[in-house]
Each structure stands twice: as structure tokens, then as C-alpha cells.
Amino acid sequence: QPKITYLLRELETVLMLDGAVAEFGVYSGGSAYIIATFLSVNAPGKRLHLFDSFAGLPAKGPMDGEEYLTCKGWYQSDYEDVSKIFSKVPDVMIHPGMFADLIAIDCDLCFAHLDCDLFESTCEAIRLVAPRLVPGGKIVLDDYNTTDWPGVRKAADRYLSLERFEKIQSSTTDQAVFTRKK
């Protein structure tokens, strides 16, 4: 899958940096499990933090466009099922809840994968990640280059200042990478 290949290629470039790895928008744990497996082989001991409400998408807001007007509840998954997937995977912490209810992340990050789909959710994830991202660290945003989820691009362009971040858009997927400048 091109998206996973791109994600892991970007993750590999920051493994030498201090800080943990995070994913916002875990759904059923597919990409998170691949990241966890990759970390266990290539960076044993590097912690992976997973954030999701497990209640599905919240209601769309005015910044999310007209597509999928009834997306509330999409991508709902079961916290217990996801927990079982990771029960024997070392260095993984699952944080259930709405992103807006999280006060802060209590560790530095070298990498974050954001698959939040909507403007407000993406803004909340960026609010939590950006201050904790170490210089040279990366944020990979899913759905940045798609018209299906326009809120993702709007949130990133609004809140990831190009004074602090360098943006690179994938030419083969709908993802974009924002690298924290040193």
C-alpha cells in the first residue's frame, strides 16, 4: 500500500531523534499495528501513543465542506478490540477520548501520524502535537491532498506555520509531511 510505504519511509528518517511516536485517529488499529511492529524491529523501546475516541467521527463543521454531510459516527471502533490487538505489543499506550478533552501530551515526540479527517479534530491533534515535536520531527497528515476531507488541509495550513515547519506534499498519495525546522 503506497500510503503505508510513505508513512514508514518518513518514520524511518526520524528514528534517531529523541521522542516518542503518536497516532491520532486509530480506528481499528491497522496502521498503528504496522507502526508498532516497525518500531519493535527498528527502534526497540521507542514508545507509541495511540489517540482515538473510538466513537467514530464527530459532526462536521463549516470548514469541512459539503461532502459526506452525514459522516458523524463513521469509523467507530471498539476500544476493547483495539486494546486486545496491542495487549502483547511492547511500548504501546492507548489514550481513549476526544482530542479536545486531552490537556496535553506529557512527552516529546519525534513523529506523529494524523488521520483525523475533519477540521476540528485535525486542529486539536495539531494543538497537542506541535508543541511537543522535537526539531527535525515530522507530522504526516493523511487526506491532506484530497477533496473528500478539505478540513484537513485547512487546519494544517492554518496552524502549522511555515516559519516553524517545512511542508512536503506526496506526489503518490494524499498525504503531506510537515517537518519541524531545527
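1. Basis. The model is predicted, so local features need pLDDT of at least 70 and side-chain atom pairs count only at pLDDT 80 or more, while totals for chains, interfaces and linings use all residues. Residues are numbered from 1 along each chain as its sequence is written, and side-chain values use heavy atoms, with hydrogens and water left out.

2. Helix α1. This helix spans residues 2-12, and Ile4, Tyr6, Leu7, Leu8, Glu10 and Leu11 are buried in it. Buried means under 20% relative accessible area, exposed over 50%, and partly exposed in between (1.4 Å probe, protein chains only). The buried residues of α1 pack against α2 (30-42) and the strands β1 (20-24), β4 (109-114), β5 (133-141), β6 (165-169) and β7 (176-180); contact means heavy atoms within 4.5 Å. Helices (H or I, at least four residues) and strands (E, at least two) are DSSP runs, numbered from the N terminus.

3. The whole structure has 8 salt bridges, each a side-chain nitrogen of Lys or Arg within 4 Å of a carboxyl oxygen of Asp or Glu. One of them joins Asp142 and Lys3 at 3.3 Å, N to O. Because Asp142 sits in the loop between β5 and α5 (150-159) and Lys3 in α1, this pair ties together parts 139 residues apart in sequence. Asp142 is buried at 7% relative accessibility, whereas Lys3 is partly exposed at 24%. Lys3 and Asp142 also belong to a salt-bridge network with Asp143 and Asp174. Arg9 pairs with Glu10, with 3.7 Å between the closest N and O atoms; Arg9 is partly exposed at 44% and Glu10 buried at 10%.

4. Arg127 and Glu124 meet at 2.8 Å, N to O. They are 3 residues apart in helix α4, so about one helical turn separates them. Arg127 is partly exposed at 36%; Glu124, at 19%, counts as buried.

5. Surface patch. Tyr27, Trp74 and Tyr75 form a nonpolar patch with about 290 Å² of accessible area together. Patch residues have over 30% relative accessible area and no salt bridge; like charges are joined within 9 Å, nonpolar side chains (Val, Leu, Ile, Met, Phe, Trp, Tyr) within 5 Å. Areas come from the Shrake-Rupley method with a 1.4 Å probe, and for residues only the protein chains shown count as cover. Tyr75 lies in the loop between β2 (48-52) and α3 (79-86) and is partly exposed at 39%.

6. Largest pocket. About 620 Å³ of space lies in the largest pocket. Its lining has 38 residues, of which Gly25, Leu57, Asp115, Cys116 and Asp117 are the closest to its centre. A pocket, on a 1 Å grid over the protein atoms alone, is an open set of points where a 1.4 Å probe fits, with protein on both sides within 12 Å along at least five of seven lines; lining residues have an atom within 4 Å of a point.

Note on methods. Points joined across faces, edges and corners; volume = space filled by probe spheres on them.
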